[in-house]
Amino acid sequence: SSCVLLEHPLHIATGIGQRTPANMSSVELKLTTQKPPAFYTRAAKNFLEGLPEKDGKPAKPAVDTVTLSALGNAIDAAVQAACTLEKEDVAVIACIRTKFAAVSGPAKRAPAMTIVL
């Protein structure tokens with residue numbers, strides 16, 4: 001299944017205009033249970049807002065979309081991160097996809113979720 005990417009109200013208000021897939025930048029974060037949801041929230045926020053030059057490291061420009069991908073127990077962290085970013089007006093949840101992914105082990109399948117911001 002596919003998702004329709006929605007224009008963020010901030011883009012419309014600032015006159016950035018319509019974005020096309022050719023000029024959009026995106027990042028995918030693969031979430032695990034090894035780090036807390038706040039870590040992924042902060043990482044996604046940094047990608048969406050960009051980072052200024054600091055300690056000799058070059059500035060990083062903002063990206064248009066961040067995709068949060070999670071498997072099994074990490075789904076909770078993806079939902080928490082996405083909801084926090086939307087609540088803080090950093091991002092808009094444009095699409096949520098769910099599926100069962102093939103995994104090794106006795107279960108053979110695990111739930112998977114992808115959230116596009």
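User: What percentage of the 117 residues of the protein chain count as buried?

Analyst: Happy to start there, with one note: this is a predicted model, in which local features need pLDDT of at least 70 and side-chain atom pairs count only at pLDDT 80 or more, while totals for chains, interfaces and linings use all residues. Residues are numbered from 1 along each chain as its sequence is written, and side-chain values use heavy atoms, leaving out hydrogens and water. Buried means under 20% relative accessible area, exposed over 50% and partly exposed in between, with a 1.4 Å probe and protein chains only. Of the 117 residues, the share that counts as buried is 33%.

User: Which pattern does the protein chain follow, read along the sequence?

Analyst: Helices (H or I, at least four residues) and strands (E, at least two) are DSSP runs, numbered from the N terminus. The chain has three helices and four strands. Read along the sequence, they give the pattern α-β-α-β-α-β-β.

User: How many bridges join E3 to strand E4?

Analyst: Two strands pair if DSSP finds at least two bridges between them. Within this pair, Phe 100 has Pro 111 of E4 as its bridge partner, and Thr 98 has Met 113. E3 and E4 (residues 109-116) run antiparallel, and the number of bridges joining them is eight.

User: Which residue takes a positive phi in the hairpin of E3 and E4?

Analyst: This hairpin has six residues between the strands. The phi there is near 115°, and the residue is Gly 105.

User: Is Ser 69 buried or exposed?

Analyst: Ser 69 lies in strand E2. Leaving aside neighbours within four places in sequence, Ser 69 is in contact (heavy atoms within 4.5 Å) with residues including Glu 28, Leu 31, Met 113 and Thr 114. Its relative accessibility is 14%, and Ser 69 therefore counts as buried.

User: Among contacts between residues at least 6 apart in sequence, what percentage join residues at least 24 apart?

Analyst: The count covers contacts in the protein chain between residues at least 6 apart in sequence. The part of them that joins residues at least 24 apart is 58%.

User: Which residue forms a salt bridge with Lys 45?

Analyst: A salt bridge here is a side-chain nitrogen of Lys or Arg within 4 Å of a carboxyl oxygen of Asp or Glu, and by this rule the count comes to one. In the pair formed by Lys 45, the closest N and O atoms are 3.8 Å apart. The partner is Glu 88.

User: What space lies in the second largest pocket?

Analyst: A pocket is an open set of points on a 1 Å grid over the protein atoms alone, where a 1.4 Å probe fits, with protein on both sides within 12 Å along at least five of seven lines; lining residues have an atom within 4 Å of a point. Grid points are joined across faces, edges and corners, and a volume is the space filled by probe spheres set on the points. The lining includes Leu 51, Pro 52, Asp 55 and Lys 60. The space in this pocket is about 200 Å³.

User: Is Asp 55 buried or exposed?

Analyst: Asp 55, one of the lining residues of the second largest pocket, has its place in the loop between H2 and E2. Its phi is positive, about 50°, although Asp 55 is not a glycine. With a relative accessible area of 71%, Asp 55 is exposed.

User: How far apart in space are Leu 51 and Pro 61, C-alpha to C-alpha?

Analyst: Leu 51 is in the loop between H2 and strand E2 (65-71) and is partly exposed at 34%. Beyond its neighbours within four places in sequence, Leu 51 is in contact with Asn 46, Ala 59 and Lys 60. Leu 51 and Pro 61 are 10 residues apart in sequence, and their C-alpha separation is 6.5 Å.
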